[in-house]
Amino acid sequence: MAIDPAPPLATIAAALRRERDRTGLSLTELARRAGIAKSTLSQLESGAGNPSVETLWALGVALGVPFSRLVEPPVATVRVVRAGEGPRIRSEHADFSATLLAAGAPHTRRDVYVMELEPGAVRLAEAHTPRSVEHVVVAAGRMRVGPETDPVELGPGDYATFPGDTPHRYEALAPGTFAVLVMEHP
């Protein structure tokens with residue numbers, strides 16, 4: 001497996017400053033709402049650090065924006081994301097990474113990700129913004145996905161949809177599990 005490129009730190013830094021300014025939150029207040037250290041947030045806003053999926057999700061929820069708004073680079077007229085490229089963020093707690101392929105326009109609020117998972121630790125996700133919906137299609141391998149209270153097992157070609165605004169999980173059941181995730185945000 002190829003080594004992950006660094007997270008899109010400059011994009012994340014600019015997005016955090018932009019969204020924090022939009023909401024009028026201080027550095028201290030945003031850090032408190034996201035449950036992270038003020039020093040961590042300060043580092044991220046200055047383009048330093050190595051943010052995890054969990055940290056960025058917490059910041060997105062605290063700012064009331066989808067995760068994609070924090071990692072999506074400016075959009076060109078024609079955009080191609082080659083395999084192995086794109087803003088890839090790893091989990092702290094599981095062998096899980098998500099690569100944002102496309103974020104929906106502000107009025108559509110739909111994001112598309114490629115997920116790569118390996119068996120082992122489960123990626124537990126906190127609830128996202130209210131009324132979020134997740135759609136998962138497995139391309140290779142097997143996985144257990146869905147709400148913590150009612151996960152389902154999927155194989156190649158299988159599709160599932162579930163509420164993203166409740167705690168949920170992603171768990172690889174076979175090596176080399178690869179899936180596409182579409183998130184809808186109202």
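Let me start with Arg22: at 49% relative accessibility, this residue is partly exposed, a class that lies between buried, under 20% relative accessible area, and exposed, over 50%, using a 1.4 Å probe and protein chains only. Glu19 and Arg22 sit three residues apart in helix 1 (residues 9-23), so about one helical turn separates them. Helices here are DSSP runs of H or I, at least four residues, and strands are runs of E, at least two, numbered from the N terminus.

This is a predicted model, in which local features need pLDDT of at least 70, side-chain atom pairs count only at pLDDT 80 or more, and totals for chains, interfaces and linings use all residues. Residues are numbered from 1 along each chain as its sequence is written, and side-chain values use heavy atoms, with hydrogens and water left out.

On confidence: pLDDT, the predictor's per-residue score from 0 to 100, averages 84 over the chain, and 87% of the residues score at least 70.

Back to the salt bridges, of which the whole structure has 11. Glu171 pairs with Arg144 at 3.0 Å between the closest N and O atoms. That pair links distant parts of the chain, strand 9 and strand 6 (residues 143-147), 27 residues apart. Glu171 is buried at 14%; Arg144 is partly exposed at 26%. Glu171 also bridges to Arg169, at 3.2 Å from N to O, and both of these residues are buried. A network of salt bridges joins Arg142, Arg144, Glu148, Glu153, Arg169 and Glu171.

Definitions and conventions
Salt bridge = Lys/Arg side-chain N within 4 Å of Asp/Glu carboxyl O.
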